[in-house]
Amino acid sequence: MKDQIIIKKLEIFANHGVFPEENKLGQKFLVSAILFTDTREAGTTDNLTTSIDYGAICQFIDQFLKNHTFHLIERAAETLAEALLLHTPGLDAVELTIQKPWAPIGLPLKSVAVKIHRSWHTAYLGIGSNMGDKKAYLDQAVQALKEHKACQVEAVSDYLVTSPYGVTDQDDFLNACLKLRTLLTPYELLDELHKIEQQAGRERIRRWGPRTLDLDILFYDDLILGDPTLCIPHVDLANREFVLKPLAEIAPYLHHPANGKTVQEMLREVAT
């Protein structure tokens with residue numbers, strides 16, 4: 001459980017709303033924020049630079065909402081949360097409430113509000129290629145993720161040459177795993193991975209067949225998800241040495257949320 005720095009009902013006069021007069025004349029908004037971070041070092045050193053400066057955060061919120069105009073407070077909250085997470089070192093998650101006390105609905109009310117919680121997530125990805133310049137395709141995928149504003153690549157394993165899995169009458173693969181810090185939801189991340197595959201000329205013609213680039217979500221926090229379009233953890237992860245071996249380089253003691261085994265334990269079992 002992370003520590004919290006709490007800002008309550010910061011008053012801001014800004015121009016947000018569906019109606020034209022709201023955008024022109026402006027109105028009052030109340031913004032509350034819970035900043036989830038680790039305050040231990042600040043608490044032991046009494047040094048502001050080791051914590052999040054709530055005064056600077058208030059100024060950031062004020063300027064952000066004054067310098068942008070949105071029709072919906074849902075959009076205002078979403079973009080503000082993203083901006084705070086991207087630009088505030090040490091901020092792991094944020095809970096934002098934006099209240100609109102002057103909402104023009106023609107009825108008496110204290111306020112309407114939108115409340116959201118957004119955070120960084122940790123994902124582990126498998127990447128592979130067995131066509132063309134395999135290393136170049138893997139490098140391209142890693143670079144694309146590094147350049148995505150909502151992603152931070154934290155670790156990349158060595159590239160490993162492996163025999164094909166499932167369908168064996170094809171060229172050897174070059175495989176790797178990477179650790180990713182991301183603001184994207186699992187489905188948003190999946191969409192981005194498909195875009196990167198398409199940029200590499202990926203064609204889904206034959207299951208387990210040759211491909212220029214293959215990107216899989218192996219883990220996403222401790223999430224267990226299964227539906228027709230996405231399964232997390234990866235459904236066949238425990239049986240794939242070509243995934244477990246590079247994954248063990250960067251996360252040997254990561255636990256599978258369903259079977260409780262570490263990556264190192266699963267690798268040991270599949271390798272025997």
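1. Strands β1 and β2 pair in the antiparallel sense over 10 bridges. Two strands count as paired if DSSP finds at least two bridges between them. Helices (H or I, at least four residues) and strands (E, at least two) are DSSP runs, numbered from the N terminus. Across this pairing, Ala 14 stands opposite Gln 27 in β2.

2. A word on the basis of this note. This is a predicted model, in which local features need pLDDT of at least 70 and side-chain atom pairs count only at pLDDT 80 or more, while totals for chains, interfaces and linings use all residues. Residues are numbered from 1 along each chain as its sequence is written, and side-chain values use heavy atoms, with hydrogens and water left out.

3. Strands β2 and β3 are antiparallel and pair over seven bridges. Phe 36 has Ala 93, in β3, as its bridge partner. Buried means under 20% relative accessible area, exposed means over 50%, and partly exposed lies in between (1.4 Å probe, protein chains only).

4. Next, the aromatic residues. The structure holds two aromatic pairs. In one, Phe 13 and Trp 102 have ring centres 6.4 Å apart and planes at 70°, so this pair is edge-to-face. Phe 13 is in strand β1 (residues 3-14) and Trp 102 is in the loop between β3 (93-100) and β4, so the contact ties together parts that are 89 residues apart in sequence. Phe 13 is partly exposed at 45% relative accessibility. Trp 102 is also partly exposed, at 47%.

5. The pair of Phe 60 and Phe 64 is stacked, because the ring centres are 6.3 Å apart and the planes are at 15°. Both residues sit in helix α3 (residues 54-67); they are four residues apart, which is about one helical turn. Phe 60 is partly exposed, with a relative accessible area of 28%. Phe 64 is buried, at 12%. On cut-offs: rings of Phe, Tyr and Trp (its six-membered ring) pair if their centres lie within 6.5 Å; planes under 30 degrees apart count as stacked, over 60 as edge-to-face, and the rest as tilted.

6. Now the charged side chains. The structure holds 12 salt bridges. The criterion is a side-chain nitrogen of Lys or Arg within 4 Å of a carboxyl oxygen of Asp or Glu. One of the bridges joins Glu 192 and Lys 195, at 3.3 Å from N to O. These two residues lie in helix α6 (residues 186-199), three residues apart, or about one turn of the helix. Glu 192 counts as buried at 19% relative accessibility. Lys 195 is partly exposed at 43%.

7. Another salt bridge links Arg 240 with Asp 236, with 3.4 Å between the closest N and O atoms.

8. Glu 269 and Lys 261 form a salt bridge whose closest N and O atoms are 3.0 Å apart. Glu 269 is partly exposed at 45% relative accessibility. Lys 261 is partly exposed as well, with a relative accessible area of 29%. Elsewhere, salt bridges that share partners join Lys 2, Asp 92 and Arg 181 into one network.

9. What forms the nonpolar patch on the surface? The patch consists of Ile 105, Leu 107, Leu 109 and Val 112, with about 330 Å² of accessible area together. Patches are made of residues with over 30% relative accessible area and no salt bridge; like charges are joined within 9 Å, and nonpolar side chains (Val, Leu, Ile, Met, Phe, Trp, Tyr) within 5 Å. Accessible areas come from the Shrake-Rupley method with a 1.4 Å probe, and for residues only the protein chains shown count as cover. Val 112 belongs to strand β4 (residues 112-119). Val 112 is partly exposed, at 32% relative accessibility.

10. A last point on Ala 136. This residue lies in helix α5 (residues 134-147). Ala 136 counts as partly exposed, at 32% relative accessibility. Ala 136 and Thr 229 are 93 residues apart in sequence, and their C-alpha atoms are 28 Å apart in space.
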